[in-house]
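Q: I'm new to this one, could you walk me through a few parts of it?

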Amino acid sequence: MFVSCAAERDVEDLFSFRSLWQAYRSCRRRKRGSANAQRYEVHLLDHLVETLKALQSRQYAPSRSLCFLAQQPKMREIHAADFTDRVVHHLLVPRLEVLYEPIFIHDLYSNRKGRGIHSAVERLGHFMRSVSDNGNKTAWFLQLDIRNFFNTIDRIRLLGMIKRRFLKAVEQQKLQRDEANQLYWLTKVILQHNPAENVTYRGDLQAFKAVPDHKRLSMAAPGKGLPIGNLTSQFFANVYMNELDQFIKHQLKCRYYLRYVDDFILLDPNQVQLQQWQHQIEQFLNERLDLQLKAGQILRPTHAGADFLGYIVRPHYRLVRRRVVGNLRDKLRSFQQQLWHGGQLNLSPQLREQLRAALASYLGHFRHANSNRLQQQIWSEFGWLKLLFESTPTKLRPRWEPQSVTSFRSQWRYFSHWAASIVQRAPIPISLIQMGRSVMLFNRDVTVLLEQIPRLLQWRGVKLQSRSGFEQTLEFSFSSYRSLNRKLQKQQISFLFVAEEGFLRGGLKRRALRTLYIAPCPPETSNLSPKIA
């Protein structure tokens, strides 16, 4: 199909075991804990060899995809490729990036190394200052979006664009003929495959009916639509929209223009010029790419601010979008309902990691905006977060376990000091710490507990003993913990329970907060309250 290169170069075969192994390593990054990745890794060598043979013999065909619903920022279908197919995607896309990165415009920020949302909003702020002479002149921005973008991409037209790029690269001796043939064949196989025809649905099937027909890949016109959620789809979207980028930069000669997927902004001192550009862009999209602009384009002065990629961007500052803040509040309320039951905090490892990941993601987003006051409001509204996290300007540090320990005594000391820091009134919560099949109390906590429950020593398996490094130690069996938990709540005795969770590097048992109960204030001390409400 492709002409031969005038000068041959030593290029490693695309379909080699080394290339496939590197693709697998890239694919599993930050996904190694997923069920699909673990199933693949159990028979890793078999899977890699099988995929390699299929590629080399040109018998490879994409497997069944998994379709599920994403609720935020709006309901839409996500088609997740099988892990084997994702490995192949990671094999193909880096080779295509080498060909396309030199021709992509500078201000394309979606799915590119070194770019992203935060770079895009930073660049937009720079454009606003430049076009308005640092706010001294009136300037305008035009914000446009493609209607139903991924479901209306013409796959045949896209394949033709990529084929022309391969031909040009071969002619310029930037790509060998054999590798071009391999790349074209694999690209064609992926683009000709329709994930909606061979799919497994996850979740409530009735919920899929809430997705509008024009948003469903299965309802797309023949030969159109890319599945949202695949690495190849993200890259192919940039390739498809590159035609528009080149038109705006080189034909319209718009100096201030940037794009993120299908959301793009043009800026100019002349409002009329932007309106003219809009009509030309509409015509270009319709004739060349068979796309349409979404209704409700935005044409405003720069000082009014652009609602772009989760931020309200103005020339000299930016704020977090209200919908993003609302989503965080909804998530935290949901976590609060799951964590707190009758005044008791139950902190399972899975739930706390979900909370940490969600909160870190949102706070990381907030820190790229002028959001100091907003963050203070969040920490004040959800005061229980201060029990679990220590927030620094650059990091969210969990408080449910010590950051560094040298011995069991240092673990005990950490949780004892943490318990003393969370209330302003006496008595300080007692610390119950798991040690194997026993639960232990030490020093002051033993005295407090025996004063409140004098008959505790009569319980079966309870032992008052001495332990090196501690004045006194109380031990009872782990099976008695639930009974003690109920007794402490009935007696309104504040306590925390620290559970074992595997081992640290030095061999010491890892221990983390699992349960916290803070008793209500008695009437005579009702003016005092926990530091963390």
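This is a predicted model: local features need pLDDT of at least 70, side-chain atom pairs count only at pLDDT 80 or more; totals for chains, interfaces and linings use all residues.

Q: Okay, in what order do the strands of the open sheet run?
A: The open sheet has 3 strands in the order β8-β9-β10, and their pairing is antiparallel. The edge strands are β8 and β10 (318–320), each of which pairs on one side only. On average, and with direction ignored, neighbouring strands in this sheet are turned by 25° against each other.

Q: And how many bridges are there between β9 and β10?
A: Strand β9, which covers residues 311–313, pairs with β10 in the antiparallel sense over 3 bridges. Within that pairing, Ile312 has Leu319 in β10 as its bridge partner.

Q: Which helix packs on the sheet?
A: That is helix α5 (residues 117–131), which touches β8, β9 and β10, and its direction makes about 20° with that of β9.

Q: Switching to Thr302, where is that found?
A: Thr302 is in the loop between β7 (298–301) and β8 (306–308).

Q: Buried or exposed?
A: Thr302 counts as buried because its relative accessibility is 3%, which is under the 20% cut-off. Leaving aside neighbours within four places in sequence, its contacts include Met128, Val131, Trp140, Phe141 and Arg314.

Q: Last topic, what about Tyr362, where is it and what does it touch?
A: Tyr362 is found in helix α12 (residues 349–366), and it is buried, with a relative accessible area of 14%. Not counting residues up to four places away in sequence, Tyr362 touches Val324, Asn327, Leu328 and Lys331.

Q: How far apart are the C-alpha atoms of Tyr362 and Leu328?
A: They are separated by 7.0 Å, although Tyr362 and Leu328 lie 34 residues apart along the chain.

Terms used: Residues are numbered from 1 along each chain as its sequence is written. Side-chain values use heavy atoms; hydrogens and water are left out. Helices (H or I, at least four residues) and strands (E, at least two) are DSSP runs, numbered from the N terminus. Buried means under 20% relative accessible area, exposed over 50%, partly exposed in between (1.4 Å probe, protein chains only). Contact means heavy atoms within 4.5 Å. Two strands pair if DSSP finds at least two bridges between them. Axes are lines fitted to C-alpha atoms, for helices over the stretch in contact, and angles run from 0 to 180 degrees between N-to-C directions.
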